[in-house]
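Have the viewer open as you read.

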Amino acid sequence: MKTPLSWLKAYVPDLNVDVQEFVDRMTLSGSHVEGYEKKDKNLEKIVVGKIESMERHPDADKLVVCQVNVGTEVLQIVTGAKNVKTGDLIPLVLDGGKVAAAHGDDTEYPEGIKIKKGKLRGVESNGMMCGIEELGSSRDFYPEAPEDGVYVFQEESGVKPGDDAVKALGLDDTVVEYEITSNRVDCFSMIGMAREAAATFDKPFYPPVVSVKESGGDVNDYIRVKVEDTELCTRYCARVVKNITIGPSPKWMQDRLKAMGIRSINNLVDITNYVMEEYGQPMHAYDLKTIAGNQIVVKRAADGDTFTTLDGQERKLDADVLMICDGEKEVGIAGIMGGENSMITEDVKTVLFEAACFDGTNIRLSSKRIGLQTDASFKFTKGLDPASAYEAINRACQLVEEMGCGEVVSGIVDVYPNPAEEKVLPFEPDRYNALLGTDIPAEDMLSYFAKLGLTYHEDDQTLTIPSFRQDLGCMADLAEEVARFYGYDNIPVSLPKGEATVGKKPFHQRVNDVAREICERNGFSGGMSYSFESPKVFDKLLLPEDAKERNAIVISNPLGEDFSIMRTVSLNGILTSLATNYNRRNKIARLYELGNIYLPKSLPLTELPEEKMRLTLGMYGEGDFFDMKGVVEELLEKLGIRGVTCEPSKDIPYLHPGRQARMMKGKLELALLGQVHPETGDNYDLKTDAYVAVINMETLTMLAGFDRKYEGIAKFPASTRDLSMVMGKEMFVGQIEQVIKKNAGKMLESCELFDVYEGEQVGEGKKSVAFALSFRAKDRNLESAEVDKAVDKVLEALKNLGVELRA
Amino acid sequence: MKEKLEAMKAEAIARIESAKDLDALNEIKVAMLGKKGELTAVLKGMKDVPPEERPQVGQMVNEARAAIEEKLEEERTKLARMLRTEKLKRETIDVTLPGRRSLRGHRHPNQTALEDLERVFIGMGYEVVDGPEVEYDRYNFELLNIPANHPAKDEQDTFYITKDILLRTQTSPVQARVMEQGKLPIRMISPGRVFRSDEVDATHSPSFHQLEGLVIDRGITFADLKGTLGQFAREFFGEKTKVKFRPHHFPFTEPSAEVDITCFKCGGKGCRMCKGSGWIEILGCGMVHPHVLEMCGIDPKEYQGFAFGIGLERVTLLKYEIDDMRLLYENDVRFLNQF
């Protein structure tokens, strides 16, 4: 919402504050100012000058030397403008003044252009005559200005030499732009903003006094209105104006519209635009002679209907679009745009004015479906006050009459079957203070309410809420009004009392914190990726057609195919990011992400999906499978999760079939990890060996514990035995380790792999594996025989697996 | 005898003084004091000394021995010190060579900002609570006073899954969930991922993060809200930070406010970061709307409360002066390594 200050002052004449103060205080009272534009910020020392005489420049054919009267003196000005003549009144910037732009130049000059006196081809010039562009405006708003040349004041402007030219052109204004919140429909109007300004600065507010001078006749003889859908159209007002004389609107109206950036068209159009800005109420004018049967019917369109709006476009309609029809045909899309078939033309004689209240939601949805948003539809979507239709149509007729634009037929058609009830709320000063933490006297509160148009009834201590304040519905709403005008900054500062609470994080977040810590300690940096992705991900990950991961939740209105499903696998983000890094030639990348995957219980979704936290790690450039595995092991250890086995797998399609595994605790899958399958790598344009791990954080959280008990430091020496074994190449070392641990008895302190060898010495299809076993008792020195016995047991068990002790 | 001993002593000391290394010293020690050493030999020869002279000779031998030992020790220390000095000299390295670093990962700046925020609020007695990212319309909108067809639903362009299930557009539904559980008083924050259908550009992302705060208790006031957020701002942005509360509108709070803080770059003087105003908008807040309390089963006549919501990315971008939001989701290590 924008307001020119000059227009606001029309209703709040005592508003005499500088712009900065206006902006600051309006913001603090709730009308957040987003910015303002001083139309004359780069216009300095520009006066009206009268050209007294003109002579040819002695040395330049294209220049003329003028003597210009600026009231106090006559200045010599050299100009190249061709459109001026002796006697013309023109805007003239004096020596040391400033203009906003340069002639014939689209460059922006944020600081304006300084004008100094000087010599043009040897002849002194004491200033510059200005075109409208140099004054920072355009012919759109000053159509009388020449296409190329100096602006010449028209006779009826009544200016005289020495006048302030900027003021004379109405450029001495500031337009303030506000961010209006959706609840304050009333503030999308000049009157609403003026009321706020008057209340903010505690100045009297003078809204327009509307009275229509009627010329006789009866509107009902001209038009009948039938509203078929009274839910979508709660009020419909119609008035008729006859003997229309189309012409320009008065300068004050043109100036105000100009300041709002609205081009003046003619008196009739200007009036509807003016009232729309003033009351925030869109209006429409029909040429009555195009209205068949002198009848207006407001009803829903039929599915499949089409209609040509006044911009010449054909629009597709449906049964939820509300239409304005005459006795035979559709003449406008309610609240959005009128039809080409009922458009006002220059030779209009009788006009039908419409001001109605349409359902905001319906207009919003219709306008979206049709793909047509207009100033009118924008206003309607906020949900207008039905009272403003009535006020606005009368205001328009008043202006028509005052401006001599036509004669207003007596009477108004007002179809308003279910008038809104007057809203009354109790006045509860103590509750307002209790909510705000203030001690504001009741009478101060009443004075704020009065300024806002609320009426207080002392007898039953109630407040009548004016119809334009649909947002006021309960105690808290009124407390906010008190707070706004008492000043948020004047409300004291305190801290919540009451019982103390303990600040804490849930356990799973502590587990997540440990995970981050471990990842970072191992060189992995935290990444972030989107929760939604492309369904192509499944193909890139080589998941079979029937993979359960393909049962993903689909977003019904995604930003595009690439963001259309909720991820069921966490890898896509990390793989994409690794590829980004790789293709940007970063030598090493290690990334991790903690984020959810979304697993539907059934599709289509009838209840919320399971959101599972996954820790996903990915790396390339340095390290291999075992570095990745080490990170997972470190995390498990840090979380106190023991007894984890690493089970080789082959079934994870996006991982190298010979380099993938699951980390299991019994039947619980804790993690999977492996080298990225080269085909998947190709699909991501990640053409290097990359390793990933995906860790199920819920399972880890379930198993995690941070309790530790001191076990003492060994007092007695350990006894070690190295076992070097030969076995089949396919046999997993993990299996050997399990056998050792299972059979070595409780004196086994540790069992560490120290060598794996394949080669000639061990023979084809075989490998040699060496473990160092360490035995220890807490309470005594171990006898050699005891250790031998344990080792024998281990060897016995290994023998059964076909493992032989190496000679 | 005496002369012999004196001469022996003098020779030994002279040899000690000219010794070049520890081995030479050892040799001297052995030669003089060892089992077969000269001085030991004198002691061994005591039996030939007349008994009345023995104490005197013994004393002389002991004196000579002590003197030699003292000298040996002195020289040993000197030599050892010299050797160490030489060793240290040899070991000199170029300390200006770069330090050796092990590969360490970096925390995502958004995560760091979140943890900083959490720390402040946990310190103030707030409990961190999670909520689902795929959410029912009821929690995301309805219970927050945004009924069907409310324009606010348009403002927060929502990703829908079904008519009733959507991607949450804010962390506020967690408020509704916690209130509905009915355990009072409440003092919680809820950080998390939210979604809105904004096209990706330098300042927009369809997925971002918020941190929601909620306090419900008897007698909680707007003044408490001001005090709490003021304290937060000073803790988080610095001791001298000032806050400004501007009236605003959110469907689920009344009165509502937007909060500006003095620009943490220029301290309020006006700079590029704050677009010259000296203030930076940082969060939205307000008193929980009585209707919201009611819908969640809390009697608004007995309990009052406040809520606030902070855009995490906004804080991150401002704090680290990151000029393009897309960087947060690209995961380029050259970006991440800077934090």
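This is a predicted model: local features need pLDDT of at least 70, side-chain atom pairs count only at pLDDT 80 or more; totals for chains, interfaces and linings use all residues.

Residues are numbered from 1 along each chain as its sequence is written, chains are lettered from A and ligands numbered from 1 in the order in which they are written, and side-chain values use heavy atoms, with hydrogens and water left out.

**The interface**

Let's start where the chains meet: 89 residues of chain A are in contact with 85 residues of chain B (contact means heavy atoms within 4.5 Å). Together the two chains bury about 7200 Å², with 56% of that on carbon and sulfur atoms; buried area is the accessible area (1.4 Å probe) that two parts lose on being put together, summed over both. Y488(A), M528(A) and L559(A) supply 11% of the area that chain A buries against chain B, more than any other three residues.

Which residue of chain B forms a salt bridge with E520(A)? That's R107(B), with the closest N and O atoms 2.9 Å apart.

**A sheet in each chain**

Helices (H or I, at least four residues) and strands (E, at least two) are DSSP runs numbered from the N terminus, and two strands pair if DSSP finds at least two bridges between them.

In chain A, four strands make an open, antiparallel sheet in the order 37-38-36-39. Its edges are strand 37 (748-757) and strand 39 (804-805). Strands 36 and 38 of chain A are joined by 10 bridges, and M725(A) stands opposite V769(A) in strand 38.

| Helix (chain A) | Strands touched (chain A) | Angle |
|---|---|---|
| Helix 20 (733-743) | strands 36, 37 and 38 | about 35° with strand 38 |
| Helix 21 (784-800) | strands 36, 38 and 39 | about 15° with strand 36 |

Chain B has an open sheet of seven strands, ordered 1-4-5-9-8-7-6, with mixed pairing. Helix 11 of chain A lies across strands 7, 8 and 9 of chain B, at about 35° to strand 7.

How values were computed
A salt bridge is a side-chain nitrogen of Lys or Arg within 4 Å of a carboxyl oxygen of Asp or Glu. Axes are lines fitted to C-alpha atoms, for helices over the stretch in contact, and angles run from 0 to 180 degrees between N-to-C directions.
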